[in-house]
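This report describes a two-chain structure chain by chain and then turns to selected residues. The sequence and the coordinates are shown first.

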Amino acid sequence: MDFNQHLSDILHLYEFSMAIGNSLDYTGNCNHFLKLILARKNLSSCWIYRKENNQYTVTYSYPNPSKKIVLKNKNQILDTLVLGIKSKIVSVDTTIQEVSPIDIQQEGSLLIFNLHDQGILFLYSAYTDTFTPKDISQLQPIMDKFILSLEACESFSKKEDLLQRLALQNQELNDYAHIISHDLKTPLRSIDTLLNWIEEECSDSLDSISRQYLLKIHHNIEKMDALIESILTYSTIDKRKKTNYTIDLNEVMREVFKILDIPNHIIIDIVTPLPSIIADTLNMQQLFLCLLQNAINSIEQATGKIYIRVIELNHFWKFEIEDNGKGIDSKYHKKIFKVFQKLENDSMSLGMGLPIAQKIVNHYGGNMSLTSNVNRGSIFSFTLKNNDMNLQPNLEYVNELSGGDALFKQKLIGIIKKEFPEEKEIFLHNYKSSELNKAAENVHKLKHKIGMLGLDDGYQIAIDFENELLAGKTSLFQKFMLILDTIDEFIHPL
Amino acid sequence: MYIDSTQINIIVQSIKDYSKNHTVLLSIAEASVIDLDLLINTLNKNNISFFGGIFPRVIHNKTLHEKGIVITTLHHVNDIHIIKNIASKDFSIPTINFKQNTSYSILTFIDGLTSNISFYLSELYRQYGTHTSYFGGGAGSLSLQQQPCVFNNEGIFMDAAILCIMETKMHIGVKHGWKKIDGPIVATKTDRNVIQEINWMNAFDVYQSILKKDTDQNINIDNFFDIAKGYPFGIVKEHTECIVRDPIATNEKGELICVGEVLENTVLDVLKGENDSLIMSAKEAANNVVSQSNNCTNAFIIDCISRVLFLEDQFSVELTNVVNVLENQQSFDQIHGALTLGEISSYNGFLEFFNKTIVIGTFK
């Protein structure tokens, strides 16, 4: 064999090797690699059998399977084919034809590779003398790499499935809370309407005791309504679709003051100007509303004072809401954050305000704590991230996928570096051409790379933006572009 | 049958008389002055089943025509489909219920100037696999201006392919005769049909340095086509001739634009054409096909237009040789063909898109 032939062989192996792992999608990965093998070796077809639950199924086939194989009682044939071997060349016989998902000629031959947990790969040639031991020895290391790439595809697919299932479950819980809320509120409104009718129709015949009873029923209906609403709020804080913008908390506070019924003897003092943060306006309103209402309720003194302070920590804002109310004994400090837990028998208190506040804070990656002295007052402290988006990409997931294989890791990074700018460009083209449905498809593809680079918040924004585009809206464009630009900067030097 | 009339009523009457209610394949030379919409409408009014393409030139026996129509009657047509939107990959290949123990062959003509031809062929093979043999080529204009060029009873289309499934066995001979002068090299960076880097260096620089060893002519952006037509790339394959890829242009970035896709990291040779070798290979392709053919009544020759541009006057020798081999072996009712922008075939292996190659199919 001459030097050129050796060189040609080596370069072919390089070509095969570089075709592996070009996609994290199982079929895409197989297409890239196996179709190349078929083309370069002039083979007719290939397929992969994989064993799960003691049963073989075809997980990949090119061309498409041409017949349905009933593999019951034939598992043993496939088991025997790869028993104790890494690879082998076989001539086609009737047994092989029986288990082949593609019609193959008897005069052909097969090169079989044991892919271990990833199954068995069959490469089929219509000729008997195509494969030689040299093919086996040259292709075996390539196949070992192919196995690793299939494992990476599997791992990626599991993560995708998990994320999809979680999204579905979140949606179901969200829907469930709304349905329950609607189903409970409907009869409540009917009762309220009927009571009003009774009051109007029988106004002359109702005595004062009956009127008091009716008033109590009205109060209880209102309480029940508020209770249902607060349960819905509590259960959907982390499931409601967030619309995060940069919001000025001073503005938020002005809205909260309009809603709150602040008694004349209580003064609320914003000691330090509040910052602007990236968050959902409604969530922030709810948070301050709950905490300030709690502070107001705690004040029994003739002059009540509530102070609101904020300081900037490393990556966080720390807020304090201090009151000079009756204070809370330390033994109740945990209890008050549990739903429906009240410290005294206040008939109009629902025991939901502080749990809602804490859940909002946790949802934004912060913590809440309480310092209190009985009869002297309390300080509720909580933190919020000074930007809600984790905009620092990382390679943790890429490292996990590559399982310590530096070459494979570089390959994954290579895919991202190659595909990301292309996908971004196509997205921008479609977006600027107002092809929003196509742009949504592009966002769908881009989000996988955003997720791979550890931008969990960015991944969520991509999901929201994709849905938004499908609905013909574009409000998240700037935020999405910020994520894309950050990734651009991150991957460029890799 | 060959018609050089441009009058629709004469053309249609000729087709009607010749076809005898069978489906006809119409190969139309691009310089023909024919109102194609009117032709299609009139053929439809006469209930004639047809399909075909517009090609740079058409072949009828030993003659190459720049104008006119070659009509090929097909006796075993099972189905004809038009596949649209190939450039956007927004298409699906129809399902066929292949009968057991029956031979099938597919004739397919695709807009040779559309993108994603490899993807189309890949999907075609994915769907039909080894149930059938495949044969065809790229239609379109030698001017390389894309325009509607494949047609059937539904109309004429651009960015599309026509698919004719026949219940008959087809024998195929494929050869090109281009010889390796350098390589192997690796197309380390490509974008579909554009080679951007070879051996991690500027593609044009590498190509130019290889050609310098063989020719005194200094290749540049202006004379690129004239020189490069004699030095195509070969995609190296095992057990068979390489697949030729024709570089037709370069740009200021030093990228090489080819007819047909070159995947990233493809191992390439640089080839050179010599008249004798090309003409001999065409004869070999004919010999290969007739050695398999038995009682075939039709021969169809798909020859690359770039072979004509390279061989110039000598192309008539290639065509005469091929037809002589076919005629000497057996009596064909029809020996027809077309010069194409790329050729398509599979022979017990992967379905490929060729350049600068001759593909000969024989069938009943």
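## A helix of chain B

Helix α4 of chain B (residues 203-212) has seven of its 10 residues buried, so it is largely enclosed by the rest of the structure. Buried means under 20% relative accessible area, exposed over 50%, and partly exposed in between, with a 1.4 Å probe and protein chains only. Helices (H or I, at least four residues) and strands (E, at least two) are DSSP runs, numbered from the N terminus. The buried residues of α4(B) are B:Ala203, B:Phe204, B:Val206, B:Tyr207, B:Gln208, B:Ile210 and B:Leu211.

The N-terminal end of α4(B) is capped by B:Asn202, with a side-chain oxygen 3.0 Å from the backbone nitrogen of B:Phe204. A polar contact is a pair of N or O atoms within 3.5 Å; within protein, one must be able to donate a hydrogen and the other to accept it, and residues adjacent in sequence count only if both atoms are side-chain atoms.

## Basis of the model

The model is predicted: local features need pLDDT of at least 70, side-chain atom pairs count only at pLDDT 80 or more, and totals for chains, interfaces and linings use all residues. Residues are numbered from 1 along each chain as its sequence is written, chains are lettered from A and ligands numbered from 1 in the order in which they are written, and side-chain values use heavy atoms, with hydrogens and water left out.

## Chain B overall

Chain B contains eight helices and 26 strands. Its radius of gyration is 20 Å, close to the 21 Å that the globule rule gives for 364 residues, so chain B is as compact as a globular protein of that length. The radius is taken over C-alpha atoms, and the rule is 2.2 Å times the number of residues to the power 0.38. The C-alpha trace of chain B spans about 60 × 45 × 45 Å along its principal axes.

Of the 364 residues of chain B, 61% are buried. Among contacts (heavy atoms within 4.5 Å) in chain B between residues at least 6 apart in sequence, 80% join residues at least 24 apart. The chain exposes about 14,100 Å², of which carbon and sulfur atoms supply 43%.

## Chain A overall

Chain A has 14 helices and 12 strands. Its radius of gyration is 33 Å, whereas a compact globule of 494 residues would have one near 23 Å. Along the principal axes, the C-alpha trace of chain A spans about 105 × 55 × 50 Å.

Buried residues account for 46% of the 494 residues of chain A. Among contacts in chain A between residues at least 6 apart in sequence, 66% join residues at least 24 apart.

B:Ser27 lies in strand β2 (residues 23-29) of chain B and is buried at 0% relative accessibility. Beyond residues up to four places away in sequence, B:Ser27 touches several residues, including B:Phe55, B:Val70, B:Phe300 and B:Gly337. B:Gln334, in strand β23 (residues 334-340) of chain B, is buried with a relative accessible area of 3%. A polar atom of the B:Gln334 side chain lies 2.9 Å from the backbone nitrogen of B:Thr73.

In chain A, A:His333 is placed in the loop between β10 (316-323) and α9 (353-363) and is buried, with a relative accessible area of 18%. Leaving aside neighbours within four places in sequence, A:His333 is in contact with A:Ile328, A:Leu370 and A:Ser372. The backbone oxygen of A:Ile328 lies 3.0 Å from a polar atom of the A:His333 side chain.

## Backbone geometry

Most residues other than glycine have a negative phi, and most peptide bonds are trans. A cis peptide bond joins A:Tyr62 and A:Pro63, with omega about 0°; A:Pro63 is in the loop between β2 (55-62) and α3 (75-82) of chain A. Another cis peptide bond joins B:Gly183 and B:Pro184, with omega about 5°, and B:Pro184 lies in strand β14 (residues 179-187) of chain B.

Phi of A:Asn53 is positive, near 50°; A:Asn53 is in the loop between β1 (45-52) and β2 of chain A and is exposed, with a relative accessible area of 80%. Phi of A:Asn375 is also positive, near 70°. A:Asn375 lies in the loop between β11 (368-373) and β12 (377-385) of chain A and counts as exposed at 61% relative accessibility.

Conventions. Areas by Shrake-Rupley, 256 points an atom, 1.4 Å probe, with all protein chains shown as cover.
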